[in-house]
Each structure stands twice: as C-alpha cells, then as structure tokens.
Amino acid sequence: MVAEDKNTPPASHADARRTSVDASAFAPLPDHRNVDTAWWQELWRRHAHITTPLRQRGLECDIEFGLSAYIVRVSLPDDSYLIIGPPQEPPCDRPPGDPQGWTVTRQHPDDQALFEVIYDSAPSTDPGAPERPEARHGANATHLIEAIDQRLIQLGLLPAVSSSTASALMSAATPTPRAPKTPDVSDNADRTSAYGDALLALTDRLNATESHADAAALLHQILDPTSGLLERLGEFFEAAGEKAKEAEQDDGFDLHYDLEDAAATVRSLGEDLHTAVDRMRALAPARQTPSAALPSGPSPGLPTAKIPMPGRTR
C-alpha cells in the first residue's frame, strides 16, 4: 500500500507567499483495486510532487491513463474535475511525472460547455505562436500548484483552505516587487553564510533530538514539496540559470542549461525521498502501526502496453 502521509506536519512559514493548510485536511488515497498494485504505486510515487500539495488542500487525486500518457485527475467539490498531465497530442516521450511541461484543464462530466485551461507550461508545437508566460516554468510543480490555488479560490472550490489562507494564496497569485532580504556579508572577513549557519543549526537540532517524531518534523523542513529547502534550492538554481541566459553569450547559455539540470536534480532528490518523513516518524517507539513505505528495492516496471518508461533525459 502506498505510504499514507496524513500526519505530515505543516510546511515551513519561511515564505509568506505560500501558506500550508492543516494536515488534518489531507485528502484520502484513492479507493480502488489498483492502489495495491506495484505498478500503480510506482505511478503514484512519480507524481507525488503534484498529488501531495493538492491532497494537503483537501483535494482527492488519482492517477489514470489519458489519451497517450498518464495524468492526475483531481476531484472538485462541484463535481467538476481537473486533468493534470503532459500534452497528449503529440504523445509525451518522457517518463510519467517528468514531462517538459504540464497542462491543467477543468472539466465537468455533465456540462460539456465547462472547459477551461487553467495552466499550460508545455512547449508550443506551433513555431509561429507566441510563447505562453508559464512555458518558462516547464515541469516546475510549484508554479502549477500556485495557478491551481488562484483559480480554485476564485471559484470557491478549495475545500481545506480557510479565509485567511485564501487571502494569502490570492496575494501569492499577484506578487508585488519586494526588496531581497539576503544577509549582508560584505563586511564579514570570512564571509560566513547566514544560510549555511541556519542549516548547520538545523543539523545540530537533529543531532540533539532523541525523538524520531521531532526528527521527522526537521526532515520535513527540507523535503516539503512546496516550501522545503530542496524546493527553494531548485528555484534558486532556476533563477540563476535565467540570470546567466540574460548575458546572451554562448557560455551563459551553457551555464543556464547546467543550472537547469541542477534544479531538476535537486527536485528529483526530493521526489525520491518523499516518504522519508513518514518513515522517520514511524520509527518512534510509541507508534504501534507505522505507515507502510514503498519497497526500498527497485520498483517494478509500469505496464509496457500503455507507455514506455525511458530513463530520465536531460
């Protein structure tokens, strides 16, 4: 069974633009026979960076096969639903959960007129068409979740978000320029990094704690899929890559791609460790029935009849 993470602690509040909801609102896992199969569990793991933040918002998610690739289907309170996936035409040739870009549409089974595109970061297949603003985010899940937040709050369809949280998320949808709050190390002889000190302090707290539950909470600060350190580090590498590209020099473009690869690697690490918080918490002696984690060995292959499973490509 997929590791249940309904007890995941709230995300860090370090970034005021994003607000997590109470873990008690975590939506349940799907209820069908495929949930117990190895191939579906592997699909769920590959899409955890999409499903986890949505389930934190009380939205039930499932993994299905679309026209030519796997998609995430999200049920909404008004019986409409979201389809989140890579472009279906032409078929995506990348592994499930790792497309070049995402499309998000809202549809209703009984109202064919209700169809809207909420987000589309997939590369354009029309060389003459202008590039969509979100296309620069590619497969970044953070921007996708923010776009969903904005639209569902406008529609009043985000069930687990309080009015104060909704206001914060709406503010996030239209961010205003702000002065960067980076540590001033210009006069520091040894240029000690305040960020490094903060991480060192977190490590010291982890070494000092005797509680696996506390250790899990500290680990969550690193691995939270929407506001954890790894996600922030991925955003930093992306921003650095965009800055390098602004130079419009060959080495700048090369550096841009290297930094984009670094961002993807950092996020992939977070995806691979998405059950680590629950597994750490399950080590606490007081827990009688720890959450079951996915097998630590190689995951069984997905059904070859539906979609090939190539390795991660650059």
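Mentor: Gladly! Helices here are DSSP runs of H or I with at least four residues, strands are runs of E with at least two, and both are numbered from the N terminus. Keep in mind that this is a predicted model.

Trainee: How much of the protein chain do buried residues make up?

Mentor: A residue counts as buried under 20% relative accessible area. The protein chain has 314 residues, and the buried share of them is 43%.

Trainee: At what angle do helix 2 and helix 3 pack?

Mentor: His-49, Ile-50, Pro-53 and Leu-54 in helix 2 meet Ala-141, Leu-144, Ile-145 and Ile-148 in helix 3. The residues of this contact divide into 7 nonpolar, 1 polar and no charged. The crossing is right-handed. The axes of the two helices are 10 Å apart, and the angle is about 35°.

Trainee: Which residues have the most contacts inside the largest nonpolar core?

Mentor: That core has 29 residues. The elements giving two or more residues to it include helix 1, helix 2 and strand 5, while helix 3 gives the most, with 7 residues. The residues with the most contacts inside the core are Leu-54, Ile-84 and Leu-144.

Trainee: Leaving aside neighbours within four places in sequence, which residues is Leu-144 in contact with?

Mentor: Leu-144 sits in helix 3, where it takes part in the meeting with helix 2. Leaving those sequence neighbours aside, the contacts of Leu-144 are Ile-50, Ile-84, Trp-102, Val-104 and Tyr-119.

Trainee: Does Asp-79 count as buried or exposed?

Mentor: Asp-79 lies in the loop between strand 2 and strand 3. Although not a glycine, Asp-79 has a positive phi of about 75°. Exposed means over 50% relative accessible area. Asp-79 has 57% relative accessibility, so Asp-79 counts as exposed.

Trainee: And where is the place of Glu-248?

Mentor: Glu-248 is a residue other than glycine with a positive phi, near 55°. Because its relative accessibility is 67%, Glu-248 counts as exposed. As for its place, look in the loop between helix 7 and helix 8.

Methods: Residues numbered from 1 in each chain as written. Predicted model: local features only at pLDDT ≥ 70, side-chain atom pairs only at ≥ 80, totals over all residues. Heavy atoms only, no water. Buried < 20%, exposed > 50% of the residue type's maximum accessible area, 1.4 Å probe, protein only. Axes fitted to C-alpha atoms, helices over the stretch in contact; angles between N-to-C directions. Left-handed = near helix turned anticlockwise from the far one by under 90°. Contact = heavy atoms within 4.5 Å. Nonpolar A, V, L, I, M, F, W, Y, C, P; charged D, E, K, R; others polar. Core = buried A, V, L, I, M, F, W, Y, C linked by side-chain atoms within 4.5 Å.
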